Amino acid sequence: MQIDPRGPRFAAVLTTLVLAAALISGSGILLALQAAVFALGAIAGLHYSPYGLLYRRLIRPRLAPPTETEDERPPRFAQGVGLVFAAVGTLGYVAGVTWLGLLATAVALAAAFLNAAFGYCLGCETYLLLRRARGRLDATT
């Protein structure tokens, strides 16, 4: 499925804001809510993510059509990576291991900020590297 690449970047801005608030407040609940957003994007697809819905309904109608589209798989993989970090952070907060909650939240925040500010999706690049590595492994067997 092809998507408007501006949608994931918009989602990264919202994710950055939520993760920054979770990091500053130390709120495991806020981090758990962000984990749910990541889960929807990773499992159901970006089309069903709350941030994707906001983008499609409120932002995209005000913009010119995209000049290009991109494959949904790399950003969807990135949502899965974000889910892992948010889940680990949430577990850290719930278990009273605050440093783990802070660390996992900070790592997720750094990745979201890279995408929001610079358009560099760390999870997407990881997906592409894994695909290339797998292609090389498949070619040698």
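**Entry 1. Largest pocket**

I looked up the largest pocket and found that helix 4 contributes the most to its lining, with six residues. The model is a predicted one, in which local features need pLDDT of at least 70, side-chain atom pairs count only at pLDDT 80 or more, and totals for chains, interfaces and linings use all residues. I number residues from 1 along each chain as its sequence is written, and side-chain values use heavy atoms, with hydrogens and water left out.

I took a pocket as an open set of points, on a 1 Å grid over the protein atoms alone, where a 1.4 Å probe fits, with protein on both sides within 12 Å along at least five of seven lines; lining residues have an atom within 4 Å of a point. Helices (H or I, at least four residues) and strands (E, at least two) are DSSP runs, numbered from the N terminus.

I noted a volume of about 640 Å³ for the largest pocket, a volume being the space filled by probe spheres set on the grid points, which are joined across faces, edges and corners. Its lining comprises 34 residues, and Pro-8, Ala-11, Leu-46, Pro-75 and Gln-79 lie nearest the centre. At least two lining residues come from each of strand 1 (2–3), helix 1 (6–25), helix 3 (50–59), helix 4 (73–94), helix 5 (98–118) and helix 6 (122–140).

I then sorted this lining by class and found 20 nonpolar, 11 polar and three charged residues. Here Ala, Val, Leu, Ile, Met, Phe, Trp, Tyr, Cys and Pro count as nonpolar, Asp, Glu, Lys and Arg as charged, and the others, Gly among them, as polar.

**Entry 2. Second largest pocket**

I found about 250 Å³ of space in the second largest pocket. It is lined by 14 residues, with Glu-70, Asn-115, Gly-119, Cys-121 and Cys-124 closest to its centre. Helix 1, strand 2 (70–71), helix 4 and helix 6 each give two or more residues to this lining, and helix 6 gives the most, with three. By class, I recorded eight nonpolar, two polar and four charged residues.

**Entry 3. Phe-85 and Val-88**

I located both Phe-85 and Val-88 in helix 4. Phe-85 counts as partly exposed because its relative accessibility is 32%, partly exposed lying between buried (under 20% relative accessible area) and exposed (over 50%), with a 1.4 Å probe and protein chains only. Val-88, at 33%, is likewise partly exposed. I also checked Phe-85 against Phe-38: they are 47 residues apart in sequence and 10.0 Å apart in space, C-alpha to C-alpha.
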